[in-house]
Structure formats: structure tokens, C-alpha cells
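The sequence and the structure are shown first.

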Amino acid sequence: MRVVEAFRETFGGEPAGVWHAPGRVNLIGEHTDYNDGLVLPFAVPWGVTAAVSPREDDVVRVRSLQAGEPLTVEKLDEAKGWARYVVGVFWALREAGHPVRGADLVVDGDVPQGAGLSSSAALEVAVGTALNELYGLALTKMEIALAAQRAENDFVGMPCGIMDQAASALAEEGKALFMDCRSLGVRNVPFDLARHGFQLLIINTGVHHELADGQYARRRQDCENAAKRLGVASLRDVTDLSGALSRLSGDERRRTQHVVTENHRVEAVIGLLRAGVVGEIGGLLNASHLSLRDQFEVSCPELDVAVEASLRGRARGARMTGGGFGGSAIALVADEHVRAVRDSVTGAYAERGWAAPEIYPATPASGARRLT
Ligand code: GAF
């Protein structure tokens, strides 16, 4: 294995173990996680593999096969760039009182670049899963996900919800992870596309609009402001949507409309999956996209074109996935229309002079695990 060879070459000796954690794609339930809402992501077949050995001091030495030279971090706060996602997990575990000392790590990622498939959550969860075992912490998978989220929120400084880390830690092969982000209750729901003659295509726009980071925090703030104005703990608690909308205006009104209806769409998708009618979820994916585009305002031309061209190619449904402003769209496509959808999307991008998007079918993969 590449990470093991690189570990020997960088640090000498064998790693104590090798762990893998996947990225994720979200089927539906977007921008609902930090509103105590419902999400339905699944793990993708790409992720981060980490070869790790514990150390007897507090130093963290880490090399990424995607970033070049190894880094030595003696004071956690001094870590820069991508290394903050690694070191942040040590920080979060130590903050929570766990006896975590240093480690030597080599990490290797194969999540497609710019795809918005949560390579950062995969990195955090791979490290968290390794440290949990190496230091005998006996944390549950959800506790590892929460530590990874804490690292991202309070060490890296990105105010994300729990969806990406939970998907990476808890997903199961062939299943989507239905999660209530308030109770943290999870259920793995069978999502066997092949049996029903469908594929879920990921369309990687390859773009990441700069405004994404600041806008995410602003959307979160809009939601919190709306909840406060409505006198509820979070938008999850809105039951009378039309009454709520009549008391709100502008951005707060639009964000509320999206979050509340999106939670209902997740429940509807779960119902249809349980009924064994995968193709029927297409309309809900489309509605989710329109709501994210018009009410939550997190789409962008590249995502809209990917969705519209997929539908022209006879996808059953399509939507942006993840935080937005770039990254990927997904399209649910019957096997016989896969070629037409690919051609339609590629053609639409070419017409606009945009670089061809990468398009790959995604099957639900397994969550974080030890490889050796
Ligand atoms: C990003 C965040 F990291 C998630 O927590 C979630 O909010 C998502 O955007 C939007 O659904 O991936």
C-alpha cells in the first residue's frame, strides 16, 4: 500500500495501523444539519487513507502524499493550511480530556479535487478513527464525528454542521445514512440503485466560487436570526410554515421556506425508498435544487446548467449537493439514459466554453474503518 511505503520512507519502521475514511455525497437534506434537521448522505468510494503510529511525546509529524514535504508540529496552534484539519482532531480530543499524545502520520487522499465531496471530513475522521484505537479512547463513531466537527468549527474555523463527519464515520456500504441532526439518531437505509436499474451520477463542476466560505456562515446566521424572530430554538421547530412565513421577510423568509420544506422532502424520500420506488424520488431532488437556487441562494450557473442539462438528457431528478457555489451536482438516471445525460451535460458545458465536468457514478460505500 502506498501510504505504508511512504510511512517507511518518511519515518522509518512500520505504522501501527492503516485507517480509511470516505468522503460523502448528500442525496437530500441540504443546509438542514445546522438547523437541527434531517439529512440523507452516503459515503463515496473515495476518501483518505492514513498510516499512523503513536508517539511518546506530544509532537505531530504528518506528511500528505498530495502536499509534498512532511511537517513537524510541536505546538498545535502553529499548524497551517491542510495540516490544521489533522492537528485540529488532536486538539479537539485533548480539549475533551482524552489522553491523546503525538503521532506520526502519512495521509493519502483520492477524493476528486474541487468536487465538494468532503475530503476535509474524510481527513478528520480518518485521523480521529486512528487516534481512537491507538489511544484506546473507546469512542463511538458518532463521538468521533463530533470531535471531527469540533476540530473543523473551532480549530479550522469553518462553522459546518455534523452531516459530513457523521456520513464519513457511520455510513454503510449499499446504504444511505438517514440522520436526525437534533437527536443524532441514525438509520442506514438500503439504497440499491443497480437493483432498480438506476445510477446516481456525480457531476463535478470543478469550480469553487470564492464567496463560498463567507456565504456559508451568512446562511447559518440568517437561519439563526429567523429562528430567534419566530421564538423557536431552531428552524426544525417550525410547524406552521405559512404562519411563520407571514411573520418573516427578505432573506430570513426565504431561508426558512427552504429549510422547513427540505426537511419534509427528506422524509418523503425516505418513504419512497422504503416503498422500493427509487425512480419516484426524482421530483423531490428537482424541488430541492430549485429551493436551494431560489430560496437559499447557494447555487451557481455551473450547478444550474448541470442540473438542467441532466434533466434534458432524461435524468429522473437532479440537484446540487453539498454547501453550494460550485462542487458537484447529482443526477438520478435510469441505466438506458446514462449516455444521453452525459452527452447533454458535456455539450451544455462546451457550448458555454466551460471546461468539461467530470462525471462518475457513485455507489454507497462503507464508512471509516481500519484497513490493516
Ligand atoms: C457543507 C457542511 F460542511 C455541512 O455541514 C452541510 O451544512 C452542507 O454544507 C450543506 O448541507 O458540506
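Two residues are taken to be in contact if their C-beta atoms, placed from the backbone, lie within 7 Å. The model is a predicted one, in which local features need pLDDT of at least 70, side-chain atom pairs count only at pLDDT 80 or more, and totals for chains, interfaces and linings use all residues. Numbering starts from 1 along each chain as its sequence is written.

**Domains**

The protein chain is assigned domain 1 (2–190) and domain 2 (194–361), with bounds that come from an automatic or database domain assignment. Taken over C-alpha atoms, the centres of domain 1 and domain 2 are 25 Å apart. Contacts between the domains involve 24 residues of domain 1 and 36 residues of domain 2. On the side of domain 1 that touches domain 2, β1 (17–28) and β2 (38–54) each contribute at least two residues. The largest share of that side, four residues, is supplied by β1. Helices (H or I, at least four residues) and strands (E, at least two) are DSSP runs, numbered from the N terminus. By class, the residues of this side of domain 1 comprise 13 nonpolar, eight polar and three charged. Here Ala, Val, Leu, Ile, Met, Phe, Trp, Tyr, Cys and Pro count as nonpolar, Asp, Glu, Lys and Arg as charged, and the others, Gly among them, as polar.

**Helix α4**

Helix α4 (residues 141–156) has 16 residues and extends 21 Å from its first C-alpha to its last, close to the expected 22 Å; the expected span is 1.5 Å times one less than the number of residues. A residue is buried if 20 or more other C-beta atoms lie within 10 Å of its own, exposed if 12 or fewer, and partly exposed in between, with C-beta atoms placed from the backbone. The buried residues of α4 include K141, I144, L146, E152 and F155. Its buried residues pack against α2 (83–95), α3 (119–134) and α5 (163–170). Just after α4, G157 adopts a positive phi of about 95°.

**Strand β3**

Strand β3 (residues 60–64) is largely enclosed by the rest of the structure, because four of its five residues are buried. Its pairings are tabulated below; two strands pair if DSSP finds at least two bridges between them.

| Partner of β3 | Sense and bridges |
|---|---|
| β4 (residues 71–73) | antiparallel, three bridges |
| β5 (residues 103–109) | parallel, five bridges |

V60 has V73 in β4 as its bridge partner, while R61 stands opposite D104 in β5. β3 and β4 form a hairpin with six residues between them, and G68 in the turn has a positive phi of about 95°.
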